[in-house]
Each structure stands twice: as C-alpha cells, then as structure tokens.
Amino acid sequence: MAPRLILITLFVYATGFAQNKEVLYDFYEIPQSLMVNPGVKTSQKWHAGIPVLSGLSVQGATSGVTVNDLFANDGVDFTTKVQERLLDVMTNRDDFSTTSQIEAFTVGFRGKNRPDNYYSFGMYGEMDIISYWPKDLAILAFEGNGGDNLGRSFDLGDLNLRGEMVNVLHFGINRKVNEGLTIGGRAKIYSSIFQFQSINNSGSFITREGQNNVYESAISADMQLQTAGVKGFYDIIEEDTGTTKKDVKSLFTERTLLGGNLGFGVDVGFSYNLNPQTTITASVLDLGFISNSKDVWNYTFAGSTTTDGISIVLPEDIDDVDNDKWQELIDEIDAALPHGENQSSYISWRPVKVYGSVRYDFGQGGTGSIFDNCGCAVNSGGMSSTSDYYRNSVGGQLFMIKRPKGVQAALTGFYQRRFGRVLSLKGTYTVDKYSFTNIGLGANFQMGPVNFYVLADNLLSYSNIADSHYASLQFGFNIISWNGN
C-alpha cells in the first residue's frame with residue numbers, strides 16, 4: 001500500500017499545465033496578442049480589458065502516462081499498470097508542468113502626438129510549476145533496493161522541480177517604424193508570492209554485497225531545496241487561529257502589491273513584411289529574474305557514507321535488549337550526511353520563452369483597414385489605414401521555452417480565415433513532446449466595440465480529458481476603439 005500511495009502522490013503532484021500559446025500568437029485581431037509579441041501589428045486606437053475577464057488561461061499537459069492509463073476501470077491490476085505504463089515507460093526527461101494566468105487589468109492606447117506608437121500597461125498573475133519524473137526514486141520507492149535492484153545505482157539527481165507564483169506589473173511600447181516593420185518592447189516588475197526550486201541535485205544510492213555484513217549500502221548526495229515565500233504561508237496555516245483565512249489573504253494581497261521578493265524582466269519582438277503578403281515575426285518573453293531575499297528558507301542534504309547496517313554479536317546483543325545500536329546507526333548516518341537549514345538569499349530566473357513565425361496572406365478582400373465597414377465605428381482613414389486586406393493566412397510557428405533540463409520546443413502549422421471582417425477563426429496543428437495530435441481552434445468576435453475571444457487546444461482529446469496528454473483553454477473580453485469614441 002505504501003509504494004502505491006507514493007506513486008499516486010508523485011503522479012498527482014506532477015500532472016499539470018504547459019506554457020505555449022500557439023493559437024494566440026500573431027492573432028493580431030486580439031489585443032492580448034501583444035503579450036506574446038510586443039512587436040505585433042496593431043490597428044486600434046485604444047483598448048481596455050474587462051477587469052479580471054480580459055485574459056484567463058489554463059493549459060494541461062503530461063509527456064508520459066495519463067490519468068486514464070492508471071485509473072481506468074479496464075480490469076488490469078493497479079500494480080501492473082504502474083509497472084508497465086509508468087515505471088517501464090517514463091524516463092527522467094519526462095516532465096509535468098503547470099501554468100495558469102489571470103489578467104487583472106490591461107489598457108492600451110495610441111500616442112496622440114506619436115500615432116505610430118501604441119502604449120499598453122496592465123497587471124496579471126501567473127503560476128508556473130514543473131516537475132520532472134523522478135524515475136530512479138520512483139523505482140526505489142515502488143520496488144525497493146533488493147532483488148533485481150541489488151547493485152543498481154539510483155540517481156538522486158532525478159529529483160528536479162521548480163515552481164512559483166508571481167504578480168506582474170508591465171508597460172510596453174509598440175512602434176510602427178514604417179509600412180513593413182513594427183517593433184516592440186515591454187518592461188516588467190515581478191512581485192513574487194512564493195517560489196521554490198530543487199534543480200541542481202546530484203548523488204547516488206546503491207546496495208551491494210558487503211564485507212562485514214550480507215549487504216552494504218552507499219549513499220553520496222549533494223541536494224538542496226530553496227524556498228522563498230513558502231514558510232510565511234506555512235506558519236499562518238500551522239498556527240490555525242481564528243483569523244487564518246484573513247491572515248493568508250492579507251499576506252497574499254501584500255505580496256501581490258509589490259510586497260514580495262521583487263524582480264525585473266523584459267519582452268521584445270517584431271513583425272516584418274518581406275513583401276505585401278509575407279510576414280515574419282519573432283519575440284523573446286520573460287528575459288528576467290527575481291531576487292529572493294525575504295522569507296527565505298532552504299534545506300540542504302550533502303555528504304557520503306557507506307553502512308552495512310547493524311552488526312549483531314550473539315548471544316550478547318540478544319540478551320542486552322536496551323542496547324543503542326539502532327540509534328548509533330542513525331547518528332552515524334546523520335554525521336556523514338548532514339542535513340541543515342539556512343536563510344541564504346538566491347536568484348531565480350524566469351522561464352524564458354521564444355516565438356517565431358512566417359505568415360503568408362492571400363485571398364484579397366479589399367483595401368484599407370481590416371476593420372472597415374465592420375459596424376465598429378471605425379475611421380478607415382489616417383493611422384488605422386493599412387495595406388490590402390487579405391481574408392486568408394497560412395503559415396508556421398516555432399515555440400521554445402527554457403526549462404531546468406534544457407530547451408523544450410514545439411512546431412505549429414496554422415490557417416486563419418476572416419469572415420465578414422467581424423469574425424476571425426484560426427486553426428492550428430502542433431507537434432511537441434506532449435502530443436502529435438494537437439489540433440487547436442481560436443475564434444475572435446468583434447461586436448461593435450465589444451471584443452470576445454476564445455481559444456482551445458487539442459480538441460480531439462475533449463471527449464476524454466482523463467486520457468489526454470494536453471488540453472488548454474483561454475478566453476477574454478475587451479473594449480476596442482479605432483477612432484475617438
């Protein structure tokens with residue numbers, strides 16, 4: 001029962017979300033596309049998101065086993081499922097990650113004296129957690145160190161995880177340099193609510209035939225868990241007073257409003273027309289860090305030792321039931337493998353993301369702004385006027401994100417269709433480590449000044465989410481104006 005509970009805990013903890021927003025990227029009719037490329041082309045005079053409802057996103061992914069693989073009522077014994085579908089299949093490169101984001105507010109406006117500049121600012125909260133599958137530790141917990149595992153070296157470095165919750169205040173400038181080039185940048189101030197990481201662990205554990213006893217075990221470890229902001233919440237919950245909920249809310253609010261560990265980051269991006277119908281884009285997001293110096297609590301475990309267990313001398317030790325041999329063994333291991341706590345500050349780096357795309361437009365729908373005659377009170381002249389309007393777009397996108405064990409990448413092909421200039425649909429097909437059947441769809445509706453969008457990924461999995469390796473949903477409401485209204 002214990003190994004089963006350990007495996008369930010590891011799996012449930014690890015299952016989560018990913019960060020790619022391939023449907024939103026370069027979907028320039030949606031104001032939130034500025035958040036994934038500050039250099040995306042813009043046409044509106046100003047926009048304002050509906051507070052809290054302008055941008056909500058959740059995404060779910062697992063590169064290995066699914067919930068259905070383990071818990072489906074298929075007549076297969078659970079122990080067999082764990083062995084065949086989890087331990088025998090997944091590697092220490094498989095990961096589970098979680099990302100969710102909520103936009104508190106967002107505002108954008110075009111400069112009165114500099115109409116080629118579009119300014120935007122706002123605040124959003126984000127949670128990001130990643131855990132790699134600790135393959136050797138899971139096998140050790142499930143199978144033990146005996147039997148076929150005698151002589152096997154278990155890699156303690158398989159323990160690799162990182163997580164944070166952060167509030168972000170941002171200000172960006174999008175500038176139309178000329179008819180072919182738009183560039184943009186965004187500055188961000190991070191206020192950390194909590195952060196933890198254990199990402200540079202090393203060590204091994206092995207059990208083999210001994211010299212002074214039947215077996216001996218050798219362990220060598222250099223491991224650390226760094227936390228910032230976690231202990232403050234833990235202490236409040238541990239006290240369990242009548243004001244626990246109020247105290248947690250107060251601490252959360254304080255850290256949201258620049259009261260947490262602070263950091264700084266930037267986004268940069270551009271869009272460039274190779275010709276009137278072909279556009280290339282790229283962006284780099286969250287190139288930044290957080291300095292963790294408040295409410296820091298770190299745990300360390302380092303050293304090496306070899307033990308052959310407790311040596312029993314018969315019959316003396318049997319008669320002496322009060323001997324301290326077990327405690328002596330524990331003290332010996334503690335002395336060789338000291339574990340401690342400290343409050344040393346540290347720097348945590350944000351997960352840097354890179355996007356790129358090539359888009360080809362075709363099916364000319366007329367000249368002027370794409371919003372002409374849409375019923376949105378749009379002034380088609382002046383700064384909002386653009387080159388020819390095309391009803392169709394097709395292209396490819398690249399996404400990369402820096403993770404503790406390296407860069408993860410995804411490739412996306414897309415087709416976009418604009419209907420009646422008030423409705424735009426974008427379909428995507430994405431290939432990454434999580435899925436080879438990820439078909440996504442996004443819809444943007446413009447009803448007068450009211451903008452509503454909804455984006456979803458891996459639609460084929462929605463019939464059975466429990467058996468899905470990936471799922472995501474994002475939606476929001478905005479008010480958009482293209483003239484003085």
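Is leucine 24 buried or exposed, and what is its relative accessible area? Leucine 24 is buried, at a relative accessible area of 2%; buried means under 20%, exposed over 50% and partly exposed in between, with a 1.4 Å probe and protein chains only.

The legends below describe a predicted model, in which local features need pLDDT of at least 70 and side-chain atom pairs count only at pLDDT 80 or more, while totals for chains, interfaces and linings use all residues. Residues are numbered from 1 along each chain as its sequence is written, and side-chain values use heavy atoms, with hydrogens and water left out.

**View 1. The whole protein.** The protein has 8 helices and 21 strands; these are DSSP runs numbered from the N terminus, helices being H or I of at least four residues and strands E of at least two. Of its 485 residues, 47% count as buried. Among the contacts with a separation of 6 or more, 72% are between residues 24 or more positions apart, where contact means heavy atoms within 4.5 Å.

**View 2. Leucine 24 and its surroundings.** Leucine 24 sits in the loop between helix H1 (2–14) and strand S1 (46–49). Leaving aside neighbours within four places in sequence, leucine 24 is in contact with Ile30, Gln32, Ser33, Val36, Leu455 and Gln474.

**View 3. The nonpolar cores.** A nonpolar core is a set of buried Ala, Val, Leu, Ile, Met, Phe, Trp, Tyr and Cys residues joined through side-chain atoms within 4.5 Å. The largest has 18 residues, and Val82, Leu86, Leu87, Met90, Trp133 and Leu156 touch the most other members. Helix H3 (78–87), helix H4 (135–143) and strand S9 (215–228) each give two or more residues to this core. H3 gives the most, with 4 residues. A second, separate core has 13 residues, including Ile30, Val36, Tyr355 and Leu455.

View 4. A search of the whole structure finds 6 cavities of 30 Å³ or more. A cavity is a set of points, on a 1 Å grid over the protein atoms alone, where a 1.4 Å probe fits but cannot get out; lining residues have an atom within 4 Å of a point. Grid points are joined across faces, edges and corners, and a volume is the space filled by probe spheres set on the points. The largest cavity has a volume of about 270 Å³. Its lining has 21 residues, of which Lys21, Met35, Val36, Gln101 and Glu126 lie nearest the centre. Strand S3 (95–110), strand S4 (117–132), strand S11 (278–292) and strand S15 (353–366) each give two or more residues to the lining, and S3 gives the most, with 4 residues. By class, the lining of the largest cavity has 7 nonpolar, 7 polar and 7 charged residues; Ala, Val, Leu, Ile, Met, Phe, Trp, Tyr, Cys and Pro count as nonpolar, Asp, Glu, Lys and Arg as charged, and the others, Gly among them, as polar.

**View 5. Glutamine 416 in strand S17.** Glutamine 416 lies in strand S17 (residues 406–419) and counts as buried, at 0% relative accessibility. Its side chain makes a polar contact of 2.9 Å with the side chain of serine 424. A polar contact is a pair of N or O atoms within 3.5 Å; within protein, one must be able to donate a hydrogen and the other to accept it, and residues adjacent in sequence count only if both atoms are side-chain atoms. Beyond four places in sequence, the residues in contact with glutamine 416 include Asp26, Phe27, Glu29 and Arg391.

**View 6. Two residues of strand S11.** Threonine 279 lies in strand S11 and is buried, at 4% relative accessibility. A polar contact of 2.7 Å joins its side chain to that of asparagine 273. Aspartate 286 is also placed in strand S11 and counts as buried, at 3% relative accessibility. Phi of aspartate 286 is near 55°, a positive value in a residue other than glycine. Most residues other than glycine have a negative phi.

**View 7. Arginine 152 and aspartate 136.** Arginine 152 lies in the loop between H4 and strand S5 (154–155) and is partly exposed, with a relative accessible area of 28%. The side chains of arginine 152 and aspartate 136 make a polar contact of 3.2 Å. Threonine 207 is 55 residues from arginine 152 along the chain, with a C-alpha separation of 7.1 Å.

Methods: 1 Å grid on protein atoms, 1.4 Å probe; cavity = no way out; pocket = protein on both sides within 12 Å on 5 of 7 lines; lining within 4 Å.
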